[in-house]
Amino acid sequence: MEKNKLNGMNQVDPNIRDEMLAELFLDQMLNNFKKSKIFEEIDQSLKNKDKETFFRLTEQLKSVS
């Protein structure tokens with residue numbers, strides 16, 4: 001799917017294309033950061049044997065795309 005986005009971008013003005021690529025990159029980095037933080041919190045909830053927090057965080061993780 002990412003490949004299709006990039007192929008279609010060849011027909012877009014170079015400045016707009018660069019802006020769109022930067023936005024896609026930043027979105028991906030932000031999602032990676034969010035996932036990383038959630039995983040850290042999940043690990044901590046497992047160490048603390050906190051089921052409620054664990055289940056809440058796993059649901060939260062599912063919503064991060």
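From the N terminus onward, the elements of the protein chain follow the order α-α-α. The model described here is predicted. In total, the protein chain contains three helices and zero strands. Burial is assigned to 14% of the 65 residues of the protein chain.

The packing of two of the helices was examined next. Helix 2 covers residues 14-47 and helix 3 covers residues 51-63. These two helices pack with their axes 9 Å apart, at an angle of about 160°. Helix 2 is therefore roughly antiparallel to helix 3, because an angle over 145 degrees counts as roughly antiparallel. The crossing of helix 2 and helix 3 is left-handed. On the side of helix 2, the residues that meet helix 3 are Lys35, Ile38, Phe39, Glu41, Ile42, Ser45 and Leu46. Their partners in helix 3 are Thr53, Phe54, Leu57, Thr58, Gln60 and Leu61.

The loop between helix 2 and helix 3 contains Lys49. Most residues other than glycine have a negative phi. Lys49 is not a glycine, yet its phi is positive, at about 55°. The relative accessible area of Lys49 is 74%. Lys49 is therefore classed as exposed, since the class begins over 50%.

Aromatic rings were considered last. A pair of aromatic rings is described by the distance of the centres and the angle of the planes. The count comes to one aromatic pair. This pair is formed by Phe54 and Phe55, with 5.4 Å from centre to centre and 70° between the planes. The pair is edge-to-face, because planes over 60 degrees apart are placed in that class. The cut-off for exposed residues is over 50%, and the cut-off for buried residues is under 20%.

Methods:
Residues numbered from 1 in each chain as written. Predicted model: local features only at pLDDT ≥ 70, side-chain atom pairs only at ≥ 80, totals over all residues. Heavy atoms only, no water. Phe/Tyr/Trp six-rings, centres within 6.5 Å; stacked < 30°, edge-to-face > 60°. Helix = DSSP H or I, 4+ residues; strand = E, 2+ residues; numbered from the N terminus. Buried < 20%, exposed > 50% of the residue type's maximum accessible area, 1.4 Å probe, protein only. Axes fitted to C-alpha atoms, helices over the stretch in contact; angles between N-to-C directions. Parallel < 35°, antiparallel > 145°, perpendicular 65-115°, else oblique. Left-handed = near helix turned anticlockwise from the far one by under 90°. Contact = heavy atoms within 4.5 Å.
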